[in-house]
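Here is a protein model to explore by question and answer. Keep the view open as you read.

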Amino acid sequence: MKDPASALDHVDRRILALLQGDGRMSNLALAQAVHLSPTAVLERVRRLVRERFILGYEARLNPHKLDATLLVFIEVVLERDNTEAFDRFQAAALEHPEILECHMVTGSFDYLLKARVADMAAYHAFLNDSLLNLPGVRETHTYAVIEEVKNTQALRVE
């Protein structure tokens with residue numbers, strides 16, 4: 001099976017890198033940066049979207065301005081006696097806006113969550129009122145972030 005990334009040439013990769021840095025970059029500026037016509041660049045971007053190299057565009061918001069200052073990572077262990085617990089937990093996790101990421105992992109726990117709340121009091125309320133009541137949750141371990149050293153979604157494309 002052919003690696004999808006191998007279908008990208010250096011221009012496609014440059015377009016992806018530029019858009020990853022500034023998703024609002026105009027087609028004209030993008031064309032100038034990669035030395036192609038605006039029409040050619042527009043077609044490449046449309047192909048990259050169609051082939052799902054580009055999944056969408058979104059604004060990165062400042063959590064400190066939106067009362068979501070505390071970042072926490074949470075290990076979640078589920079009860080093992082119920083085979084439906086994983087599906088129910090995943091569905092429930094999708095319903096909580098505080099949970100930014102939910103990953104099923106290998107190791108000594110089942111899920112790793114990334115969540116943002118206002119402060120420790122808000123986290124305590126979220127933990128007791130929501131997280132511990134999610135289907136199948138047996139135990140959790142929380143790690144509060146003291147300092148964000150690196151926070152990016154950017155992938156290496158060049």
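The questions below go through helices, cores and single residues of this predicted model.

Q: Which residues of helix α2 are buried, and why do they line one face of the helix?
A: Helix α2 covers residues 27–34. Seen down the axis of α2, the buried residues fall within an arc of 100°, so they line one face. An α-helix has 3.6 residues a turn, so residues three or four places apart point the same way. The buried residues of α2 are Leu 30, Ala 31 and Val 34.

Q: Which exposed residues does α2 carry on the face turned away from its buried side?
A: Exposed means over 50% relative accessible area. On α2, the face turned away from the buried side carries two names to find, Leu 28 and Gln 32.

Q: Which helices do the buried residues of α2 pack against?
A: The buried residues of α2 include Ala 31. Those buried residues pack against α1 (10–21) and α3 (38–50).

Q: Which residue just after α2 takes a positive phi?
A: Look just past the end of α2. The phi there is about 60°, and the residue is His 35.

Q: How do α1 and α3 lie to each other: roughly parallel or roughly perpendicular?
A: The axes of α1 and α3 come within 11 Å and cross at roughly 80°. Angles of 65 to 115 degrees count as roughly perpendicular. That makes α1, relative to α3, roughly perpendicular.

Q: How many residues of the contact of α1 with α3 are charged?
A: From α1, the contact takes Val 11, Asp 12, Ile 15, Leu 16 and Leu 19. From α3 come Val 41, Arg 44, Val 45, Arg 47 and Leu 48. These residues divide into seven nonpolar, no polar and, as charged, three.

Q: Is Asp 12 buried or exposed?
A: Asp 12 lies in helix α1. Buried means under 20% relative accessible area. At 2% relative accessibility, Asp 12 therefore counts as buried.

Q: Which element gives the largest share of the largest nonpolar core?
A: This core has 19 residues, and Ile 74, Val 76, Phe 89, Leu 113, Tyr 123, Phe 126 and Leu 131 touch the most other members. Two or more residues come from each of β1 (70–78), α4 (85–94), β3 (111–117) and α5 (120–129). The largest share, five residues, comes from β1.

Q: How many residues are in the second, separate core?
A: Among its members are Val 11, Ala 17, Ala 31 and Ile 54. The number of residues in this second core is 15.

Q: What is the relative accessible area of Met 25?
A: Met 25 lies in the loop between α1 and α2. Beyond neighbours within four places in sequence, Met 25 is in contact with Leu 18, Leu 19 and Leu 30. Met 25 is partly exposed, with a relative accessible area of 23%.

Q: How many Å apart in space are Glu 75 and Arg 138, C-alpha to C-alpha?
A: Glu 75 sits in strand β1. At 15% relative accessibility, Glu 75 counts as buried. Its contacts beyond four places in sequence include Phe 109, Tyr 111 and Glu 139. Glu 75 and Arg 138 are 63 residues apart in sequence, yet in space, C-alpha to C-alpha, they are apart by 11 Å.

How values were computed: Residues numbered from 1 in each chain as written. Predicted model: local features only at pLDDT ≥ 70, side-chain atom pairs only at ≥ 80, totals over all residues. Heavy atoms only, no water. Buried < 20%, exposed > 50% of the residue type's maximum accessible area, 1.4 Å probe, protein only. Helix = DSSP H or I, 4+ residues; strand = E, 2+ residues; numbered from the N terminus. Arc of directions from axis to C-beta. Contact = heavy atoms within 4.5 Å. Axes fitted to C-alpha atoms, helices over the stretch in contact; angles between N-to-C directions. Parallel < 35°, antiparallel > 145°, perpendicular 65-115°, else oblique. Nonpolar A, V, L, I, M, F, W, Y, C, P; charged D, E, K, R; others polar. Core = buried A, V, L, I, M, F, W, Y, C linked by side-chain atoms within 4.5 Å.
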